[in-house]
Each structure stands twice: as structure tokens, then as C-alpha cells.
Amino acid sequence: MDSRLSAGKARPKAKGASRASKPRKSTTKSRSPSRAGIKAKPLKLLTGGNPQIAKADGDAPVQAYIAAMPGWKRDVGSRLDALVARIVPNVRKAVKWNSPFYGIKGQGWFLGFHVFTHYVKVTFFRGTSLRPVPPGGTGKDARWIDIHEGDLDEAQMATWVKQAAALPGWAP
């Protein structure tokens, strides 16, 4: 065995070899038609199972968030989204801080939700003005409810959504 190789030293370059003669990998992605049919990779779930969705306005990012919600929480997200859309036909939707937000243009946001390991937290940004006041929260205005599997009370949620949509919303 060559002693130059066994001592952990690099092999000497062959005469005439240089970096320029080695082929380089392309750093640009192919935009060929064959890549057009490839599906995007699945969305990343953050700690607690919350989907990581880029900040964006509109229904599409909210639907992408809901589709990425794990297990039974996806059903809760779908039911909440449908309930809000039914009660507030002119609802504005967005994903901010990896959470769906619901609001009315010119009035601000009135509701948002977020996935945790064992529940979905629904936050009303002016929750202290709702009757009855949602059970969670100690802040000045916001109140929330943690929805566990099989625990969504749609009648109560509808009452809160109607009240919340009628109030001035939160504008970050």
C-alpha cells in the first residue's frame, strides 16, 4: 500500500488535471414539461402537528392548511371553515403565522385557529365581547376554545362566529 494514502493525506493530482476540467452540477432547476406533472412535496408539520404554510391571502392557502391538518383535526378544520363561510358569506381568508385567519375586509380579523398535539385552538380576537365568553384566555380581548376529538359544538360555535363577525376585528 502506498504510504501517501495510508497517512490520511490526499492523493496527488494527476498531471494536467484541474478544477476546470471537472464537470459541474447545474444549480438551476429544470423547467422541462416532464417536471410539470410532478406533485409538490408534502407540507411540513411543525411541533404539535401544525401545518407549515406560507403566509398568503385567499381561500387556497386556507384549504391547503386544512388538507395538511393531521388525522381527526382535518375534519374539525373543514367543519369550522364551512361553518364560517356559511355564516359570513363575504368572509376574507388568509394564512398568517401558520394559522388560518378569518375576517371582513375593512374590519380586521375576527377568528383564527391553530393545531396542537391534542386539540385545535379556535381564537376569537374580540372574545371578551362574546356571550357566553369562550372559556380560554387571560388577555385583554382575545378568548379561545380548545376543541378535542369529537368535541366540536357547532351550534355554540355558530353563535360565537355570528357575534364575532359583527364586531370590529383585530388588525395586526
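The model is predicted, so local features need pLDDT of at least 70 and side-chain atom pairs count only at pLDDT 80 or more, whereas totals for chains, interfaces and linings use all residues. Residues are numbered from 1 along each chain as its sequence is written, and side-chain values use heavy atoms, with hydrogens and water left out.

Me: What makes Phe-101 and Trp-109 an edge-to-face aromatic pair?
Reply: Rings of Phe, Tyr and Trp (its six-membered ring) pair if their centres lie within 6.5 Å; planes under 30 degrees apart count as stacked, over 60 as edge-to-face and the rest as tilted. Phe-101 and Trp-109 lie 5.8 Å centre to centre with 85° between the planes, and the pair is edge-to-face. By this rule the count comes to 10 aromatic pairs.

Me: Why is Trp-109 called buried?
Reply: Buried means under 20% relative accessible area, exposed over 50%, and partly exposed in between (1.4 Å probe, protein chains only). Trp-109 has a relative accessible area of 4% and is therefore buried. Phe-101, at 6%, is buried as well.

Me: Why is the pair of Phe-125 and Trp-170 called tilted?
Reply: The centres are 5.0 Å apart and the planes 35° apart, so the pair is tilted. This pair links distant parts of the chain, with Phe-125 in the loop between β5 (120–124) and β6 (143–147) and Trp-170 in the segment after α5 (154–166), 45 residues apart. Helices (H or I, at least four residues) and strands (E, at least two) are DSSP runs, numbered from the N terminus. Phe-125 is buried at 12%, whereas Trp-170 is partly exposed at 29%.

Me: How do you know that α3 and α4 are roughly antiparallel?
Reply: Axes are lines fitted to C-alpha atoms, for helices over the stretch in contact, and angles run from 0 to 180 degrees between N-to-C directions. Angles under 35 degrees count as roughly parallel, over 145 as roughly antiparallel, 65 to 115 as roughly perpendicular and the rest as oblique. Helix α3 (residues 59–68) and helix α4 (residues 72–87) pack at about 150°, with axes 7 Å apart; they are therefore roughly antiparallel.

Me: What makes α4 oblique to α5?
Reply: These helices pack at an angle of about 45°, with their axes 10 Å apart. That angle makes α4 oblique to α5.
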